[in-house]
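Here is a walk through one fold, taken piece by piece. Have the chain open as you read.

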Amino acid sequence: MVCFAKPYIYKNFEEVPLKTAVIIPGAKVYQGGYISTAFKDRILSGVKLFEAEKAQKLLISGDHGRKTYDEVNTGREFILKNYPEIKHEDIFMDHAGFSTYETMYRASAVFCVKDAVISTQSFHLARSVYIARKLGIDAVGYAAEETTGFSRKTRTNWTLREYLARVKAFFLVAFHLKPTYLGEEIPIDGDGTKSWD
C-alpha cells in the first residue's frame with residue numbers, strides 16, 4: 001500500500017498537480033465548535049491548495065452521524081470564519097464520511113469526483129491515496145503542514161492504529177463494500193450548498 005501510493009504523495013507544495021477537488025478527511029471535533037489540531041492542519045493545507053488554484057472545489061468529509069457530533073459543519077464554519085472570501089458554492093460537505101474508505105467511496109459515487117488532492121497527515125496519506133485510486137479517483141496526496149507539534153505518544157498511537165487500518169482497507173477495497181449511506185448525486189462541479197444541511 002505504501003509503495004503503491006508513494007509516487008502520488010507530495011511534500012513540496014509547488015509540485016502538487018492541478019486537480020478538480022481537495023478532499024479534506026474529517027478528524028476529531030469538540031463541543032462548542034472547536035476542532036482538533038489534526039483536523040485544523042488538514043483544513044489549513046486544503047484551503048492553501050484551493051487558494052493557490054491547485055483545485056477548484058473543497059470537499060469536507062467526516063462523521064455527522066448524530067446531532068451531538070458534527071465534524072463537517074464544524075469544519076465548514078471554521079473555513080467560513082477564517083476565509084470569508086471563499087464562495088459558499090465551492091464548499092461541499094459529506095456528512096457520512098465515517099471512515100477513510102467511506103469518504104473516498106462517497107467522493108466518487110455521490111460527489112462524482114474524478115480527480116482530487118487529499119489533504120491529511122503524512123501517516124494517513126498512503127492509505128487515503130491507495131483507497132481513492134483503487135476506487136477510480138485520480139488522486140494524489142499532500143502532507144498537511146503541522147501548525148503545532150504532536151507528542152511522541154500521539155504519533156505512536158497514530159502509527160499503531162494505521163497498521164491495523166491498512167489491513168482493513170485492503171479487504172474493503174478488495175470486496176468493494178458499499179458505505180453506510182449513499183444517496184443522490186451532488187456533482188463536485190456544481191453548487192456545494194446543495195450538500196449543506
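## Two residues with positive phi

Glu-53 is found in the loop between H2 and E5 (helices, H or I, need at least four residues and strands, E, at least two; both are DSSP runs, numbered from the N terminus). Its phi is positive, about 60 degrees, although Glu-53 is not a glycine. Most residues other than glycine have a negative phi. Glu-53 also counts as exposed, at 63% relative accessibility (buried means under 20% relative accessible area, exposed over 50%, partly exposed in between, with a 1.4 Å probe and protein chains only).

His-176 is another non-glycine with a positive phi, here about 50 degrees. His-176 lies in the segment after H6 and is partly exposed, with a relative accessible area of 44%.

## About the model

This is a predicted model, in which local features need pLDDT of at least 70 and side-chain atom pairs count only at pLDDT 80 or more, while totals for chains, interfaces and linings use all residues. Residues are numbered from 1 along each chain as its sequence is written, and side-chain values use heavy atoms, with hydrogens and water left out.

## The sheet

What is the order of the strands in the open sheet? It runs E1-E8-E7-E2-E5-E6, six strands with parallel pairing (two strands pair if DSSP finds at least two bridges between them). Strand E1 (9-10) and strand E6 (91-94) are the edges, each pairing on one side only.

Now for the individual pairings. E7 (residues 115-120) and E8 (residues 138-143) run parallel over six bridges. Asp-115 stands opposite Asp-138 in E8, and Ser-119 has Tyr-142 of E8 as its bridge partner. E2 and E7 are joined by three bridges, again in the parallel sense, with Val-22 partnered by Val-117 in E7. E2 also pairs in parallel with E5 (residues 57-61), over five bridges; there the partner of Val-22 is Leu-58.

## Covered strands

In a regular strand the side chains alternate between the two faces of the sheet. For E7, both faces are covered: Asp-115, Val-117 and Ser-119 are buried on one side, and Ala-116, Ile-118 and Thr-120 on the other. Helix H5 lies across E1, E2 (21-25), E7 and E8, running at about 175 degrees to E8 (axes are lines fitted to C-alpha atoms, for helices over the stretch in contact, and angles run from 0 to 180 degrees between N-to-C directions).

Thr-120 in strand E7 has a relative accessible area of 0%, so it is buried. Leaving aside neighbours within four places in sequence, Thr-120 is in contact with Pro-25, Arg-42, Leu-125, Ser-128, Tyr-142, Ala-143 and Ala-144 (contact means heavy atoms within 4.5 Å). Tyr-130 is 10 residues from Thr-120 in sequence and 13 Å away in space, C-alpha to C-alpha.

## The largest pocket

The largest pocket holds about 670 Å³ of space. A pocket here is an open set of points on a 1 Å grid over the protein atoms alone, where a 1.4 Å probe fits, with protein on both sides within 12 Å along at least five of seven lines; lining residues have an atom within 4 Å of a point. The volume is the space filled by probe spheres set on the points, which are joined across faces, edges and corners.

Of the 30 lining residues, Gly-26, Arg-42, Thr-100, Arg-127 and Arg-161 are the closest to the centre of the largest pocket. Helices H2 (37-51), H4 (100-109), H5 (122-134) and H6 (152-175) each supply at least two lining residues, and H6 gives the most, with eight. By class, the lining has 12 nonpolar, 11 polar and seven charged residues (Ala, Val, Leu, Ile, Met, Phe, Trp, Tyr, Cys and Pro count as nonpolar, Asp, Glu, Lys and Arg as charged, and the others, Gly among them, as polar).

## The second largest pocket

The second largest pocket has a volume of about 150 Å³. Its lining is made up of Gly-33, Tyr-34, Ile-35, Thr-74, Glu-77, Phe-78, Lys-81 and Asn-82. Strand E4 (34-35) and helix H3 (71-82) are the elements giving two or more residues to this lining, with H3 giving the most, five. By class, that makes three nonpolar, three polar and two charged residues.
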